[in-house]
Amino acid sequence: MARAVAAYYARPASPFGRAGDFTTAPEISQAFGEVLGGWAAVSWELMGRPDPVLLVEAGPGRGTLMADALRAVGEVAAPFRAALRLHLVETSPALRDQQRRMLGDAVTAWHDDLASLPDGPMLLIGNEFLDALPIRQFIRRDGAWLERHVAEGRFVELPTTDAPAATAPEAAVQEVGEAAQAVVAGLARRLAAQGGAALFLDYGPAQSGLGESLQAVRGQATGLDPLAEPGTADLTAHVDFAALARAAQEAGAAAQGPLPQGLFLQRLGLMTRAAMLARARPRLAGEILSGAERLVAAEGMGRLFKALAVCDPALPILPGFETA
């Protein structure tokens, strides 16, 4: 899965938008990036306004989210804009070129991985980043767990020595996102020691459970064979948010959430911002409002997608994660 995803994102063609394979939240509504910029600015205030502070995006796509975020904070949070140093975690040369065209000299540096980020207090945003990390799949056969592998273009089931501890019905599938848990645990250790917060928005259940979610997406179509023509389709799997929260806490950080993306974005004022944009551009008002509604509506992305913050335990409740 890791090799196929790396090959997919290394292609020169952009996978994003209506002409691509899938559409992410920043491409649906500019208000998404703008309110996340506001989230980062308020979180920086809660951190004590460190200067400088790293603003990091993991998996920044074309740079759309960050372009919208920087524009917003430049207008309403000038001290934060002056203090931030933008770092992008991106392995694809093709996407780095697009980000360079979108963001120009606003980018301090690009990184192949999170480990190469410089030290210091940090705010990180990862939108649909964790779902592309590789997973393991275990399947229950005759009262025991086998692990799925890939050989000669097909799935094979082989004995395993580190299967899930839980029992399950025959043919049940258990997915384990070890790569995502390792990413979150590493960030948690850093944030607990150096300060800051990481915000993840992605799709998956709030509670761990059984089920198979690996999917391939190409040309806006789902339900494709994930093993067919590797490197030509986006491969993703649901994020186990409960497991990630546990990994963060075990590594010494605090976890806030997960909560539905729709609730989180509404608390940040996404619909209010979309209404302002619609009034300023009346010819596009319907498109602007319908795009924003898609991000928050339960039947759209509002329920399946979740928001999870991992942060320095000394921080108070971050914007959007209020319990009331």
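Good morning. I begin with helix H7 (residues 178-194) and helix H8 (residues 241-250), which pack at an angle of about 35° with their axes 8 Å apart. Axes here are lines fitted to C-alpha atoms, for helices over the stretch in contact, and angles run from 0 to 180 degrees between N-to-C directions. Helices are DSSP runs (H or I, at least four residues), numbered from the N terminus.

This is a predicted model, in which local features need pLDDT of at least 70 and side-chain atom pairs count only at pLDDT 80 or more, while totals for chains, interfaces and linings use all residues. Residues are numbered from 1 along each chain as its sequence is written, and side-chain values use heavy atoms, with hydrogens and water left out.

From H3, Gln-30, Ala-31, Phe-32, Glu-34 and Val-35 meet Leu-270, Arg-273, Ala-274 and Leu-277 of H10.

Finally, the interior. A nonpolar core is a set of buried (under 20% relative accessible area, 1.4 Å probe, protein chains only) Ala, Val, Leu, Ile, Met, Phe, Trp, Tyr and Cys residues joined through side-chain atoms within 4.5 Å. The largest has 56 residues, and Trp-39, Phe-80 and Phe-264 have the most contacts inside it. Its largest share, eight residues, comes from helix H3 (residues 30-46).

Conventions:
Buried < 20%, exposed > 50% of the residue type's maximum accessible area, 1.4 Å probe, protein only. Helix = DSSP H or I, 4+ residues; strand = E, 2+ residues; numbered from the N terminus. Contact = heavy atoms within 4.5 Å.
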